Amino acid sequence: CGTSWHAGLIGKYLIEEYAGIPVHVEYASEFRYRKPIIDSNTVVVGISQSGETADTLAAIEKAKNVGALTLGIVNVVGSSIARETDCGIYMHAGPEIGVASTKAFTSQVSIMILMGLFIAQNKNKKKCYQIATQLKEVPKLINKILTLDDEIYEISKKFTEVNNFLYLGRGYQFPVALEGALKLKEISYIHAEGYPAAEMKHGPIALIDENMPIIVIATKKGHYEKVVSNIQEIKSRKGKIIGIVTEGDKQVKELADHVIEVPEAPEALSPLLTTIPLQLLSYHIAVLLGKNVDQPRNLAKSVTVE
């Protein structure tokens, strides 16, 4: 499902980059109805906040039937996925009060990063140790971003009357764009779409005009110059640009209508930082619109039926 799938994508990027092992990320609902190429040499990871997601449970059963090793990443101790998998990791994120949980995503991403580093350590021990050491500093960096809450609130006030949002990111930031769009949809009921920035010209560019806000994640690490090129294309079409940038950025600041700065971090850790302002933006827009952010309409905490 959404949040879990987005976290899985980040894990995929890290494991493939640092360990050189191919990883496929699937929607459990599609996986269970296909004939995936898995066998006893395959590890299938089921990610679920509640540990009760019906599709994920069915996918795990399918994997076990062909002898694959199954691993569960869940938040609820003793949940169905925790019991059915061969092994697993508890998120220990604490009780999830809101249906559209935000801490679940950062917890899942943190676990995927640690898993990736553990798998890759024999191949690149020094680099993995550096990333793991820097991961310990992420809470301090997040606290720094949280001091921008008032600034993000002021930006939010300018976008309560819009009907659509577009979120763009590349590499590790593409799943963050997906997660940001998901959160805005879930709690504000504003239509939002996450897209790989490089795919903007293959359709979404037709939507861009002076009424369309576009959130672009343009941190220094990764494909920065390519993303700046996207921003220039948006600017020429009068789109309203909100840039998520690395502290000290000058190039995007000259183009964007608003910028939110996050501390610099290794590319593999940056999703833990760039997702925070997007969560706050969604929260403030929803509250300003008078929506119940803890219990959004039509959503359930555990999706126990297909």
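Q: What makes His-284 buried or exposed?
A: Its relative accessible area is 8%. Buried means under 20% relative accessible area, exposed over 50%, and partly exposed in between, with a 1.4 Å probe and protein chains only. So His-284 lands in the buried class.

Q: Where is His-284 found, and what is it in contact with?
A: His-284 is found in helix H12, residues 271-288 (helices are DSSP runs of H or I with at least four residues, strands are runs of E with at least two, and both are numbered from the N terminus). Leaving aside neighbours within four places in sequence, His-284 is in contact with Asp-149, Ile-152, Tyr-153 and Ser-156. Contact here means heavy atoms within 4.5 Å.

Q: What kind of model are these values from?
A: A predicted one, where local features need pLDDT of at least 70, side-chain atom pairs count only at pLDDT 80 or more, and totals for chains, interfaces and linings use all residues. Residues are numbered from 1 along each chain as its sequence is written, and side-chain values use heavy atoms, with hydrogens and water left out.

Q: How do you know whether Met-212 is buried or exposed?
A: Met-212 has 7% relative accessibility, so it counts as buried. It is found in the loop between strand S5 (191-196) and strand S6 (213-218). Not counting residues up to four places away in sequence, Met-212 touches Asn-164, Phe-165, Leu-166, Leu-207, Gly-239 and Lys-240.

Q: Why is the pair of Phe-165 and Tyr-167 called tilted?
A: The ring centres are 6.1 Å apart and the planes are at 40°. Rings of Phe, Tyr and Trp (its six-membered ring) pair if their centres lie within 6.5 Å; planes under 30 degrees apart count as stacked, over 60 as edge-to-face and the rest as tilted. So the two rings pair, and the pair is tilted.

Q: Why are H9 and H12 called roughly parallel?
A: Their axes come within 9 Å and cross at roughly 15°. Axes are lines fitted to C-alpha atoms, for helices over the stretch in contact, and angles run from 0 to 180 degrees between N-to-C directions. Angles under 35 degrees count as roughly parallel, over 145 as roughly antiparallel, 65 to 115 as roughly perpendicular and the rest as oblique. H9 and H12 are therefore roughly parallel to each other.

Q: What makes H1 and H9 roughly parallel or roughly antiparallel?
A: Helix H1 (residues 2-19) and helix H9 (residues 173-188) pack at about 170°, with axes 9 Å apart. H1 and H9 are therefore roughly antiparallel. Among the residues making the contact are Trp-5 and Leu-9 of H1 and Phe-174 and Leu-182 of H9.

Q: And how do you know which way H5 runs against H6?
A: Helix H5 (residues 103-120) and helix H6 (residues 125-135) pack at an angle of about 155°, with their axes 10 Å apart. That makes H5 roughly antiparallel to H6. The contact is made by Ile-113, Leu-114, Leu-117 and Ala-120 of H5 and Cys-128, Ile-131, Ala-132 and Leu-135 of H6.
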